[in-house]
Amino acid sequence: MIFRRLIWAALAVALLVGSLQSGLQQLQTVPIILAAEVFESQKAEAPQPAMAATHDHADGTAHDHGDTAEAWAPADGAERLFWSWVAHLLHAFSMALLLLAVMGLCLWRGATQRSVPLALWTAAAGWLVFHLWPSLGLPAEIPGMDAARLGSRQGWWLLAAGSAALACASVAGLRSPLRWAAALAWLALPFVVGAPHIAADPLAGFTGEAQATLRRLGGDFVWATTWLSLGFWASLGAVGGPAFGRWLRPALEHALKPADATAGTPAKAAP
C-alpha cells in the first residue's frame, strides 16, 4: 500500500512540477540555445580524419552508414514541445520519487519536522547534489563551446554529485560533532581531484563579434540554468511536502508504530 501511495504521490507532484519546468525552460534557456546555434556555422574547426563510414561488400556494392543512420528527432513546433514536456515529466517523476523516499527515510530515522519544512530541506539537498556542486566545476555550456572529453566530464560530475550526497548524509545521519568535518572533506574531494577542462579557450573557433556574443550568451546560460534548477527543486519541495503529508506520512507513521501501541491495551479479566 505504501509503495502504491508513493507512485501516485510522485506522479501528482511530477505533473505539476514537470509542466511548470517545461514552460519555464521555453522562456529562459531555449531562447539562449537558439541564439547560440545561429553562430555554429561560423566556427572554424580543424579537419577531422575520415571515418570508415562507407565500405564495400563482397558483391562489390558499397553503401554509407553515415547519413542513413541519423537518429530520429521530433519536428519543430507542437511535436517538439510535446516531447519536451514528456521529458520534463519523466525527470520530475524520478526526482519526486527520490524526494519522497528520502523524506520517508528521515521519518523512519525519527524526524519530527512537519512535512513541508522537511520537503524543502530535502529539496535543498537535492539542488546541492544535482546542480550546485557539479556546476561549480563544470558550468552549463552553450552550443559551439569546446570542452574536455565527455567521459571525463561525466565521471567528474558523478564524483561531485556523489561527494555532495555523502556530505548531506554525514550531516543528517551522523551524531558526532565530527560530522561537519566529514561533510567538508566530502565536499572538497571533487575539487581536489579537479574538474576536466581543455587548455585552450572554449570559444577559440570563433572570432570577432561572434566570440563576444557567445561569451555573453554563455554567462547568461549559466545563470538561467541555475535559476531554473533552483526553481525546479523549490517547487518540488513546495508541492512534494503537502503530497507527502497527505498520502504518505499517515501510512508511514502507522507502519512505524510499535506493535504494542497499535494493538492497544488488552481488556482486564473478570474477577
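How do the axes of α3 and helix α4 (residues 115-137) cross, and within what distance do they come? They cross at roughly 125° and come within 10 Å. Axes here are lines fitted to C-alpha atoms, for helices over the stretch in contact, with angles from 0 to 180 degrees between N-to-C directions. Helices are DSSP runs of H or I, at least four residues, and strands are runs of E, at least two, numbered from the N terminus. That angle makes α3 oblique to α4; under 35 degrees counts as roughly parallel, over 145 as roughly antiparallel, 65 to 115 as roughly perpendicular, and the rest as oblique.

A word on the source. This is a predicted model, where local features need pLDDT of at least 70 and side-chain atom pairs count only at pLDDT 80 or more, while totals for chains, interfaces and linings use all residues. Residues are numbered from 1 along each chain as its sequence is written, and side-chain values use heavy atoms, leaving out hydrogens and water.

Next, the helix pair α1 and α7. Helix α1 (residues 2-28) packs against helix α7 (residues 208-256) at about 165°, with the axes 9 Å apart. The two are therefore roughly antiparallel. Their contact has 20 nonpolar residues, 5 polar and 1 charged. Nonpolar covers Ala, Val, Leu, Ile, Met, Phe, Trp, Tyr, Cys and Pro; charged covers Asp, Glu, Lys and Arg; the others, Gly among them, are polar.

Last, salt bridges: a side-chain nitrogen of Lys or Arg within 4 Å of a carboxyl oxygen of Asp or Glu. The count is 5. In one of them, Lys43 meets Asp146 at 2.5 Å, N to O. Lys43 lies in the loop between α2 (30-37) and β1 (54-56), and Asp146 in the loop between α4 and α5, 103 residues apart.
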